[in-house]
Amino acid sequence: MSGFAEVRFKGTRRGYFNTGSLDLTPGDRVIVQADRGEDFGQVTALGSIAERKCSSSGGCATPTPTMRILRRAEPDEVNRARFKVDDERRARLEARKQVARHGLKMKVTETEWQFDRKKLIIYFTAEKRVDFRALVRDLARSFRTRIELKQIGVRDEAALLGGVGRCGRELCCSTWLPELKPVSLQLAKDQSLSLNPAQISGCCGRLMCCLMYEHDSYVEARRRFPREGRTLMTARGREKVVSVNIFNETITLRGGEGDVRVVTVADLKEEMSTRQRN
């Protein structure tokens with residue numbers, strides 16, 4: 001009997017695997033099939049939850065994963081995985097030296113050894129396309145393994161490295177956010193936020209992912225209010241909507257003579273319905 005599992009590796013890298021007959025629980029450290037070898041990761045979801053996450057992220061090429069979880073990691077394998085961090089730091093420093101020597105305009109962000117050391121992944125950012133063929137050859141000679149250079153964006157870089165956001169908590173993208181979705185400036189406009197980039201941008205320099213979290217609630221609540229700039233017929237005659245406050249449920253109106261007043265949504269509706277009846 002086979003099952004479905006999501007396994008997390010370094011940073012935000014995730015993979016989906018067939019559990020076979022293994023009885024696993026979230027949090028288990030496991031050894032999985034990898035590219036021409038084995039890798040070490042941690043189970044983060046199982047069964048239908050893992051299937052939904054795989055489908056939503058577009059990570060499922062087939063209904064059932066072809067790669068398998070081989071076994072639970074032994075204690076000595078868990079220790080080896082901890083020591084791997086020091087080796088990755090040294091590999092990162094060496095990769096940066098090689099990049100500088102070749103004079104390439106790219107920034108090495110992070111490195112990740114496959115557990116069996118048969119592959120080294122080097123993550124980097126670059127503004128333009130980079131010809132790194134010579135670099136790969138030199139890195140392969142230095143590390144005596146297969147090299148995979150993987151270009152990532154600045155948002156992926158923030159997710160990989162982690163950090164603390166302006167809210168004082170760890171970055172969502174590096175802790176729990178399953179995937180990075182595009183964030184548009186329209187989200188800030190819909191929520192009447194400042195359009196100053198310094199105030200609505202995250203550590204990555206892009207618009208904060210959390211602008212999406214309450215957006216639907218704002219849009220739904222905003223439907224109860226008239227648009228700014230609209231002219232209404234109220235108990236005082238023609239008045240123009242200056243601004244709305246969805247939290248206090250109030251509307252600021254300006255009359256024809258420039259007088260300004262603040263009314264609640266309920267009171268405004270009552271005024272308008274009374275005027276229509278009369």
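## Exercises on a predicted model

Aspartate 28 is found in the loop that runs between strand E2 (14-18) and strand E3 (29-34), where strands are DSSP runs of E with at least two residues and helices are runs of H or I with at least four, numbered from the N terminus. The model is predicted, so local features need pLDDT of at least 70 and side-chain atom pairs count only at pLDDT 80 or more, while totals for chains, interfaces and linings use all residues. Residues are numbered from 1 along each chain as its sequence is written, and side-chain values use heavy atoms, with hydrogens and water left out.

**Exercise 1.** Determine whether aspartate 28 is buried or exposed, and find what its side chain reaches.

*Solution.* Begin with the relative accessible area of aspartate 28, which is 16%; buried means under 20%, exposed over 50% and partly exposed in between, with a 1.4 Å probe and protein chains only, so aspartate 28 is buried. Next, the side chain of aspartate 28 reaches the backbone nitrogen of threonine 25 at 2.9 Å.

**Exercise 2.** Work out the order and pairing of the open sheet of 4 strands.

*Solution.* First, the order is E9-E10-E11-E12, with antiparallel pairing; two strands pair if DSSP finds at least two bridges between them. Then the edges are strand E9 (231-234) and strand E12 (260-264), each of which pairs on one side only. Finally, strand E11 (residues 250-255) pairs with E12 in the antiparallel sense over 5 bridges, and threonine 250 stands opposite threonine 264 in E12.

Key:
A polar contact is a pair of N or O atoms within 3.5 Å; within protein, one must be able to donate a hydrogen and the other to accept it, and residues adjacent in sequence count only if both atoms are side-chain atoms.
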